[in-house]
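User: Please go through the structure below with me, one question at a time.

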Amino acid sequence: MTDTVTGAPRADGRRPGRVRRGRTWGLSACGLALAPSAVLLAVRLTGLDAGTPFAVPMVLFPYSAVVSVLVLGVVAAVPALRSRWTVPVVAALAVVQVGLLVPRFVPENRDVPPGAAQLRVATLNTDVGGADPRAVLELVRTERIDVLALEQLPPDGVAALDEAGLGALMPYRELHPEYDSSIYSRRPLYHGGTTDSDTAWPQTTAEITLGGRTVELMAVHTYYPLGDADRWTRDMTSLTSLARRGGPDTVFLGDFNASLDHAPMRRLLSAGLTDIHAELGRGWVRTWPVGHALVPPMVQLDHVLHGSGLAGVSVSERTVPGTDHRAVVAELALVPS
């Protein structure tokens, strides 16, 4: 009878026990990496972020998709981790996540008629008036902004902008620092005021004439989900109701405290609005936070949304010293109604 030596090395020189332990540790590490991705995907598919603490981590959904793709590459490349179920399961998770993200990277082909009237708009959360007023003035001048929406702008912030000379560039304004947001314009504004809806504070509104048509403007700033997810959801729901009552020539711009992966934001867009970043194929822009040496911009909270009577021509982001949000600058064109 021949004795069998337990744990004899394999042909590749590794001992079976060590291989099994390495496989176990490897699969455990992959599972830990994928668990948050799986949870965020479930929340994304079911809309459970509305009014719940899941609203905060949902902004990281694109990052979770990147993690899934990286884990898929590891599982496919390492023989010890491959099996009949690991690769298909990880691949399914990655494919669904990437599939949800792809549309925002595909530009829409909307024809803008030659000579169509165009409007350059910008939005900036001033961080309670902390934004450098001279930098705001330079932004308006260099980017040739027609309409500027400013959020978290207190009375002393209004005074600082006036002292810097913004009034000379934008003599028309609908100011409501007592609430939160204000609208400045190079062109005359009409029917200015604030909304009467279930939001944490009224949203500032005004109208402008462009190409013989009336464009409705709203400077948006919602409550933040980290502070009260239910209050934030009610704000977004109220904006959705306002969007449904608005016409095709509508522009909502501001700090929505929401990304394109939030269910309330998707419901707002379904009310007839288009996010210009996604429209132009720039679906993973990061506008917050800025101004921190150790933390780069991570998520997009600031948006320019428009109705079907307008089309996006261009969009970009600009850093303004003194605030933790980047400004969003967008050019819109009227299209035949």
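This is a predicted model: local features need pLDDT of at least 70, side-chain atom pairs count only at pLDDT 80 or more; totals for chains, interfaces and linings use all residues.

User: What span does helix H3 reach from its first C-alpha to its last?
Analyst: Helix H3 covers residues 86–101, which is 16 residues. At 1.5 Å a residue, 22 Å is expected. The span in the model is close to that, at 23 Å.

User: Where on helix H3 do its buried residues lie?
Analyst: The buried residues of H3 are Thr86, Val90, Leu93, Ala94, Gln97 and Leu101. An α-helix has 3.6 residues a turn, so residues three or four places apart point the same way. Seen down the axis of H3, the buried residues fall within an arc of 90 degrees, so they line one face of the helix.

User: Is Val69 buried or exposed, or partly exposed?
Analyst: Val69 sits in helix H2, residues 61–77. Together with Val98, Val102 and Val106, Val69 makes a nonpolar surface patch of about 270 Å². Buried means under 20% relative accessible area and exposed means over 50%. Val69 has 40% relative accessibility, so the class is partly exposed.

User: Which residues does Ala117 touch, not counting those up to four places away in sequence?
Analyst: Ala117 is in the loop between H3 and strand E1 (118–125). With 24% relative accessibility, Ala117 counts as partly exposed. Its contacts beyond four places in sequence are Leu210, Gly211, Leu332, Ala333 and Leu334.

User: What distance separates the C-alpha atoms of Ala117 and Leu45?
Analyst: Ala117 and Leu45 are 72 residues apart along the chain.

How values were computed. Residues are numbered from 1 along each chain as its sequence is written. Side-chain values use heavy atoms; hydrogens and water are left out. Helices (H or I, at least four residues) and strands (E, at least two) are DSSP runs, numbered from the N terminus. The expected span of a helix is 1.5 Å times one less than its number of residues. Buried means under 20% relative accessible area, exposed over 50%, partly exposed in between (1.4 Å probe, protein chains only). The arc is that of the directions from the helix axis to the C-beta atoms. Patches are made of residues with over 30% relative accessible area and no salt bridge: like charges are joined within 9 Å, nonpolar side chains (Val, Leu, Ile, Met, Phe, Trp, Tyr) within 5 Å. Accessible areas come from the Shrake-Rupley method with a 1.4 Å probe; for residues, only the protein chains shown count as cover. A salt bridge is a side-chain nitrogen of Lys or Arg within 4 Å of a carboxyl oxygen of Asp or Glu. Contact means heavy atoms within 4.5 Å.
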